[in-house]
Amino acid sequence: MTEHIENSAVTDNVAAESSPEQPADPAPWELLGEELGFERFLSVRLRRYRMPDGREVEWDVFGREAGINAGVTVLPLTPEGRIVTVRMFRAGPDAVVTNLPGGLVEPGEDVALAGARELEEETGYTCETLDVVGWQWSGASSTFRKYVAIARGCRPDGKQQLDEAEDCVPVELSVDAFRAELRTPGAMTGIDAAYLALDHAGLL
């Protein structure tokens, strides 16, 4: 799994639409070094950069524990076109919210296989096909990649196997109900990946 940013169609499109009146991109910063500040399930590293004007700045960047560089979020579609979600407690919001199923990609694990595994473990649903359609950074100060996949032909004929600290309850939603969750402030986490998946599935 490469750790640099590949050229993307989006970047190419932005470049194609730029005009002489628009300013050029800023110059990238020079990474001078980094050190580990904290590491459990989440890690925090302190990076030191030199800016184009010569100033040096420090920046906190976030990731997962050592060796885990990516996760995957799955948009599961049933044969009837409904979306399989999970209701679960999230410590950040300190509340039960709606999520799409997903989880960590283990070192060396194929992203599509990880998506199918996490789908069944969290919901008990299996799928006929699963396609990885893209990825995004987990956050602007994150080194963690979040892959996005679309699973089709999802049925509850598998076995739910939750981790010790998971309490996922699978819930099928219509596309309209799912989009209403996305629009409701605080109702759902991972909405960036959800919108990306809906876009690729032609459901926006």
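Analyst: The account below begins with the chain, turns to the core and its helices, and ends with other local features.

The model is predicted. Its protein chain holds four helices and ten strands, which follow one another along the sequence as α-β-β-β-β-β-β-β-α-β-β-β-α-α. Of the 204 residues in the protein chain, 32% are buried. Among contacts between residues at least 6 apart in sequence, 57% join residues at least 24 apart.

The largest nonpolar core has 16 residues, and Leu 75, Ile 83, Leu 100 and Phe 178 touch the most other members. Four elements each supply at least two residues of this core: strand 4 (70–77), strand 9 (145–152), helix 3 (175–183) and helix 4 (191–201). The largest share, five residues, comes from helix 4.

Not counting residues up to four places away in sequence, Leu 100 touches Thr 73, Val 74, Leu 75 and Pro 76, then Ile 83, Val 84, Thr 85 and Val 86, and finally Phe 178, Met 188 and Ala 194. Among these partners, Leu 75, Ile 83 and Phe 178 are also named with Leu 100 as the core members that touch the most others. A second, separate core has 14 residues, including Ala 114, Tyr 125, Leu 130 and Ala 151.

Two packed helices are described by the angle between their axes and the distance between the axes. For helix 3 and helix 4, the axes come within 11 Å and cross at roughly 145°, and the crossing is left-handed. On the helix 3 side, the residues that meet helix 4 are Phe 178, Arg 179, Leu 182 and Arg 183, while helix 4 presents Ile 191, Ala 194, Tyr 195 and Leu 198.

Gly 71 counts as buried because its relative accessibility is 3%, below the 20% cut-off. Leaving aside neighbours within four places in sequence, Gly 71 is in contact with Gly 103, Leu 104 and Val 105, and with Phe 144, Arg 145, Lys 146 and Tyr 147. Gly 71 and Glu 106 are 35 residues apart in sequence, yet their C-alpha atoms are 8.4 Å apart in space.

Arg 145, one of the contacts of Gly 71, has a further partner. The charged end of Arg 145 sits over the ring of Trp 135, 3.9 Å from the ring centre.

Strand 8 (residues 129–137) is the place of Asp 131, which is partly exposed at a relative accessible area of 44%. Beyond its neighbours within four places in sequence, Asp 131 is in contact with Val 148, Ala 149 and Ile 150. From Asp 131 to Val 74, the separation is 57 residues in sequence and 9.3 Å in space, C-alpha to C-alpha.

Elsewhere, the whole structure contains three aromatic pairs. In one of them, Trp 29 and Tyr 49 are arranged edge-to-face, 5.7 Å centre to centre with 70° between the planes. Trp 29 lies in the loop between helix 1 (9–17) and strand 1 (30–39) and Tyr 49 in strand 2 (residues 42–50), so this pair ties together parts that are 20 residues apart in sequence. Trp 29 is partly exposed, with a relative accessible area of 38%, whereas Tyr 49 counts as buried at 14%. Trp 29 also pairs edge-to-face with Trp 59, at 6.1 Å centre to centre and 75° between the planes. This pair links parts of the chain 30 residues apart, with Trp 59 in strand 3 (residues 56–64). Trp 59 counts as partly exposed, at 41% relative accessibility. Through these ring pairs, Trp 29, Tyr 49 and Trp 59 form a cluster.

One backbone feature remains. Most residues other than glycine have a negative phi. Asp 94, however, has a positive phi, near 60°. Asp 94 has its place in the loop between strand 5 (83–90) and strand 6 (95–99), and counts as exposed at 57% relative accessibility.

Definitions and conventions:
Residues are numbered from 1 along each chain as its sequence is written. This is a predicted model: local features need pLDDT of at least 70, side-chain atom pairs count only at pLDDT 80 or more; totals for chains, interfaces and linings use all residues. Side-chain values use heavy atoms; hydrogens and water are left out. Rings of Phe, Tyr and Trp (its six-membered ring) pair if their centres lie within 6.5 Å; planes under 30 degrees apart count as stacked, over 60 as edge-to-face and the rest as tilted. Buried means under 20% relative accessible area, exposed over 50%, partly exposed in between (1.4 Å probe, protein chains only). A charge sits over a ring if NZ of Lys or CZ of Arg is within 6 Å of the ring centre and within 35 degrees of the ring normal. A nonpolar core is a set of buried Ala, Val, Leu, Ile, Met, Phe, Trp, Tyr and Cys residues joined through side-chain atoms within 4.5 Å. Contact means heavy atoms within 4.5 Å. Axes are lines fitted to C-alpha atoms, for helices over the stretch in contact, and angles run from 0 to 180 degrees between N-to-C directions. A crossing is left-handed if the near helix is turned anticlockwise from the far one by less than a right angle, and right-handed if clockwise.
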